[in-house]
Amino acid sequence: YIFQNNDGRIVFAIPYHDNRLTLIGTTDVDVGGDPDAAVVSLGEIEYLCSAISEYFAKPVSPQDVVWSFAGIRPLFDDGAKSAQKVTRDFVLDLDAPDKGAPLLNIFGGKITTYRRLAMEVLDKLEEWLAPMKPEWTGKVPLPGGDFAIGERPARLQKLISSCPQIDKALLRRLFETYGTCAGDVLGECTKMDQLGTHFGSGLYQREVEYLREREWAQTAEDILWRRTKLGLDLTKGEQDALADWLAENQ
C-alpha cells in the first residue's frame with residue numbers, strides 16, 4: 001500500500017513476514033561519516049509512525065516497532081537542495097582514451113534496477129568486449145520466479161502434495177522465499193527427520209546448507225537477515241547456536 005504524506009512524500013506499508021508484521025518506510029536523510037554506522041533515528045521512526053497513522057485504523061507508535069534497519073543509497077549529485085529532490089536515476093560516465101582500457105564510473109543505482117543498470121553498462125562497453133548475445137535480461141525471470149502470478153496457489157499445492165510428510169507451514173515459507181527453487185532446497189528430503197539439525201523457527205540444516213552452497217551465505221547474519229528474515233523469530237541463543245554450527249562445519 002502506498003500513502004501520500006502531508007509533506008508531499010509517499011510512505012508505503014507492505015504485509016511482511018508471513019503477514020505477521022508490516023514493513024513501513026521510507027525516509028530520506030543525508031548521512032555523513034561511516035556508512036556502516038548508519039541506524040534509523042528515533043526521529044525517523046516517529047515520522048513514519050505519524051505518517052502511517054493517518055491511514056491505519058489503529059495508530060502506530062514507536063513502541064510498536066519490533067525491528068528497524070537502515071540502508072545507504074548513493075545518489076548522483078545533481079545540485080538539488082535536499083535528499084528527497086535528488087534524482088533517483090543512475091548516471092554512467094565513460095572515460096575512454098584513445099589508448100588503454102576504458103574506465104566506466106557508475107553513480108547512483110539501486111537493487112531494484114540492477115539488471116537494467118548492468119545491461120546499460122554492457123551497452124556502453126560493447127565495443128571493447130567480445131561479441132555479445134542480444135540483450136535478454138529483461139525477459140528472463142529471477143531464480144525461482146519462473147511462473148505466472150496466477151499459478152502461485154497451484155505451484156504451492158504441488159509442492160505440498162509432493163512432500164506429505166513435511167510440515168505444511170515450512171513448505172509454505174520455503175515456497176514464499178525460494179519459489180520454484182524450494183524443491184532444490186529440500187533436495188532428496190521427504191521427511192522432517194531428514195532435514196537435519198533444527199536451529200529454531202523452521203530453519204533446518206538442509207536449508208542452511210543450500211544457502212551456503214547456492215547463495216554463498218557465509219555467516220549467521222547472512223542467513224538470518226540477508227537471505228531470510230528468520231532473525232526476527234530465533235532467540236539469541238538459537239542464533240548463537242547457528243553461528244557455532246557454521247564455524248564447526250566449514
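# A guided tour of the chain

Of the 250 residues in the chain, 28% are buried. Buried means under 20% relative accessible area, exposed means over 50%, and partly exposed lies in between (1.4 Å probe, protein chains only). The model is predicted: local features need pLDDT of at least 70, side-chain atom pairs count only at pLDDT 80 or more, and totals for chains, interfaces and linings use all residues. Residues are numbered from 1 along each chain as its sequence is written, and side-chain values use heavy atoms, with hydrogens and water left out.

## Stop 1: the whole chain

Show the C-alpha trace. Along its principal axes the trace spans about 60 × 55 × 40 Å. Switch to cartoon. The chain has eight helices and seven strands. Helices (H or I, at least four residues) and strands (E, at least two) are DSSP runs, numbered from the N terminus.

Now colour by domain. Domain 1 covers 2-64, domain 2 covers 73-140 and domain 3 covers 149-249. These bounds come from an automatic or database domain assignment. The centres of domain 1 and domain 2, taken over C-alpha atoms, are 30 Å apart.

## Stop 2: R9 and D28

Select R9 and D28. Their side chains form a salt bridge, at 3.0 Å from N to O. R9 sits in the loop between β1 (2-4) and β2 (10-16), while D28 sits in the loop between β3 (21-25) and α1 (42-53), so the pair links distant parts of the chain, 19 residues apart. A salt bridge here is a side-chain nitrogen of Lys or Arg within 4 Å of a carboxyl oxygen of Asp or Glu.

Is R9 buried or exposed? R9 counts as buried because its relative accessibility is 11%. D28 reaches 32%, so D28 counts as partly exposed.

## Stop 3: two backbone features

Stay in the loop between β3 and α1 and select T26, which lies there. The peptide bond from G25 to T26 is cis, with omega near -5°.

Next, select H17. Its place is in the loop between β2 and β3. H17 is not a glycine, yet its phi is positive, at about 55°. With 16% relative accessibility, H17 counts as buried.

## Stop 4: the surface patches

Move to the surface view. Select D123, E126, E127 and E135. They gather in a patch of negative charge. Asp and Glu count as negative and Lys and Arg as positive; His and the chain ends are not counted. The place of a charge is taken as NZ of Lys, CZ of Arg, CG of Asp or CD of Glu. Patches are made of residues with over 30% relative accessible area and no salt bridge: like charges are joined within 9 Å, and nonpolar side chains (Val, Leu, Ile, Met, Phe, Trp, Tyr) within 5 Å.

Pick out E127. This residue is in the loop between α2 (114-125) and α3 (152-162). Its relative accessibility is 68%, so E127 counts as exposed.

Now select L122, W128, L129 and M132. Together they make a nonpolar surface patch of about 330 Å². Accessible areas come from the Shrake-Rupley method with a 1.4 Å probe; for residues, only the protein chains shown count as cover. W128 is found in the loop between α2 and α3. W128 counts as partly exposed, at 35% relative accessibility.

Stay in the loop between α2 and α3 for E151. E151 is partly exposed, with a relative accessible area of 33%. The C-alpha atoms of E151 and R173 are separated by 17 Å, and the two residues are 22 apart along the chain.

## Stop 5: around α7

Select E215 and R227. They form a salt bridge, with the closest N and O atoms 3.9 Å apart. E215 lies in the loop between α6 (205-214) and α7 (220-227) and R227 in helix α7, so the pair ties together parts that are twelve residues apart in sequence. E215 is partly exposed at 24%, and R227 is partly exposed at 25%.

Next, select W216. W216 lies in the loop between α6 and α7. Its phi is near 60°, a positive value in a residue other than glycine. Which class does W216 fall into, buried or exposed? At 64% relative accessibility, W216 counts as exposed.

Finish with R226 and E221. They form a salt bridge, the closest N and O atoms being 3.6 Å apart. E221 is partly exposed, with a relative accessible area of 45%.
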